[in-house]
2 protein chains.
Amino acid sequence: MTATKRSHSRAARIAAIKAAAARQLASRGAAALSIREVARELDLVSSAIYRYFATRDELLTALIVDAYDDLGATVEAAEAPVARGRTRERWRVACRAVRSWAIANPHDYALLYGTPVPDYRAPALTIEAASRVIGVLGRIMDDDAAQRASVAPDDAGADVAGFLDVDNVAAVMPHVATGRYVRALIAWSHVFGSVSFELFGHFVGSVQDPGAYFECVVDELANLLGLASD
Amino acid sequence: MTATKRSHSRAARIAAIKAAAARQLASRGAAALSIREVARELDLVSSAIYRYFATRDELLTALIVDAYDDLGATVEAAEAPVARGRTRERWRVACRAVRSWAIANPHDYALLYGTPVPDYRAPALTIEAASRVIGVLGRIMDDDAAQRASVAPDDAGADVAGFLDVDNVAAVMPHVATGRYVRALIAWSHVFGSVSFELFGHFVGSVQDPGAYFECVVDELANLLGLASD
DNA sequence: TGATAAACGAGAGCGGTGCTCTCGTTAAGG
DNA sequence: CCTTAACGAGAGCACCGCTCTCGTTTATCA
């Protein structure tokens, strides 16, 4: 009487579960994502989902990884067509892509850059996944540094080695002087800070046209980075 | 048989409920805040809470307002002792106070600057509450602008009036040139962007000592603002 | 081919949640 | 003093994540 057809392969089932979960995430947010609702959408019983994801958080983590990858791919695709040498334009385009993706997928963005959902986010998986976007932005900074005459290091770059993971940073942007690492981190983190502020409503009362403001910010950051003006 | 002594006044009950809720928020986060658990802690039945807060989100909103106020008061208190003229030091101290408060109250900070908890956050109340911290940071920028010779406006300050709420911004910092509004907003928002990145784990792999990094950031922002060095 | 073991889905159930409704009791005000 | 509003208790609804059992299906291997 039980156990209807098992037409799906395991991989297909996992994909279907993630797809349904992603749909719910996109429409009503991570807090409203329900294992039971996912099961209902797939004509399954809730306990069946646990054959594929041990826990709700595990499913959510999978969605986080996918979202990071989607964001990374989107930014890569947006920036790729720009000539490698036009680093400032690449920076602009990449930053705009981050913002556009966030606006198009606000709940996914909130899941990635808002409050971590469990008490602690599993670092290993998500950190790895997050590196794709970081890589794009870092590569732009690095390409700029590589193709230009050496720039005087940032005055604040005293003993940066003491409090940064210089090895990791250097791996992403080998041509950038260590004295400029802080500014690079500022620029990178500020892109997400601005988008978060916009999406989470903290610019209400200050910024009327977030798009235009964002353009200004991106340019200001490009100046801070010393990106060549084109 | 029912209805034990009603010793508390309404105000006291509300205060007790908020206190219990705040305790739970601080210890296990907003997601784990439960009306039933609050009621249990006060030796009440869950439905009794609804005499004071119509919904869980309403209670949470009250906590948000209180948290904003606490943060504002903390930053005010930290910055007050510094001589008014030492704007750069005031900026440093205020920024440090923001970060310290966030570290001391991570769940409160996440509630304020992380993912908004309902679909939309009630703007009126929380925006008002959030203005206290903004006021402190804005006043520092304004005092600096007031006491110094006029500084050349930011090159990017083209038609800022078009996309900022210039009236509101001007109300906070009347002495700051409109051409510098964007930088002021950048500095303000970046303080919270950095703290959020640190608290939400996005600096893992890049920043080893967030405290030292934050000092650099704050100084870099002070430079961006053109704060007088002391 | 046929037996065995693993994977799987259904179903019931546990303890928890937010929230609603009713029903006595208590306290305050005219 | 009596009326009325505020209040707390309690039961209950619909949902949640998660666990366990049990029968079925599928794949593997002798």
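User: How many residues of chain A are in contact with chain B?
Analyst: In this predicted model, 39 residues of chain A contact 39 residues of chain B.

User: Which helices supply the chain A side?
Analyst: At least two residues each come from α7 (123-147), α8 (166-172), α9 (181-199) and α10 (210-225) of chain A.

User: And which of them gives the most?
Analyst: That is α9(A), which gives 11 residues to the side of chain A that touches chain B.

User: What classes of residue are on that side?
Analyst: The side of chain A that touches chain B has 20 nonpolar, 13 polar and six charged residues.

User: How does α9(A) pack with α9 of chain B?
Analyst: The angle between α9(A) and helix α9 (residues 181-199) of chain B is about 105 degrees, and their axes are 9 Å apart. α9(A) is therefore roughly perpendicular to α9(B), as the angle falls within 65 to 115 degrees.

User: Which residues make that contact?
Analyst: On α9(A) they include H190(A), F192(A), G193(A) and F197(A), and on α9(B) they include H190(B), F192(B), G193(B) and F197(B). By class, this contact has four nonpolar, 10 polar and no charged residues.

User: Changing topic: how many residues are in the largest nonpolar core?
Analyst: The largest nonpolar core has 127 residues. Those with the most contacts inside it are V98, L111 and A184 of chain A, together with V98, L111 and A184 of chain B.

User: What does L111(A) touch?
Analyst: Leaving aside residues up to four places away in sequence, L111(A) touches L25(A), A30(A), L63(A), I64(A), A67(A) and V117(A).

Conventions. Residues numbered from 1 in each chain as written. Chains lettered and ligands numbered in written order. Predicted model: local features only at pLDDT ≥ 70, side-chain atom pairs only at ≥ 80, totals over all residues. Core = buried A, V, L, I, M, F, W, Y, C linked by C-beta atoms within 7 Å. Buried ≥ 20, exposed ≤ 12 C-beta atoms within 10 Å, placed from the backbone. Contact = placed C-beta atoms within 7 Å. Helix = DSSP H or I, 4+ residues; strand = E, 2+ residues; numbered from the N terminus. Nonpolar A, V, L, I, M, F, W, Y, C, P; charged D, E, K, R; others polar. Axes fitted to C-alpha atoms, helices over the stretch in contact; angles between N-to-C directions. Parallel < 35°, antiparallel > 145°, perpendicular 65-115°, else oblique.
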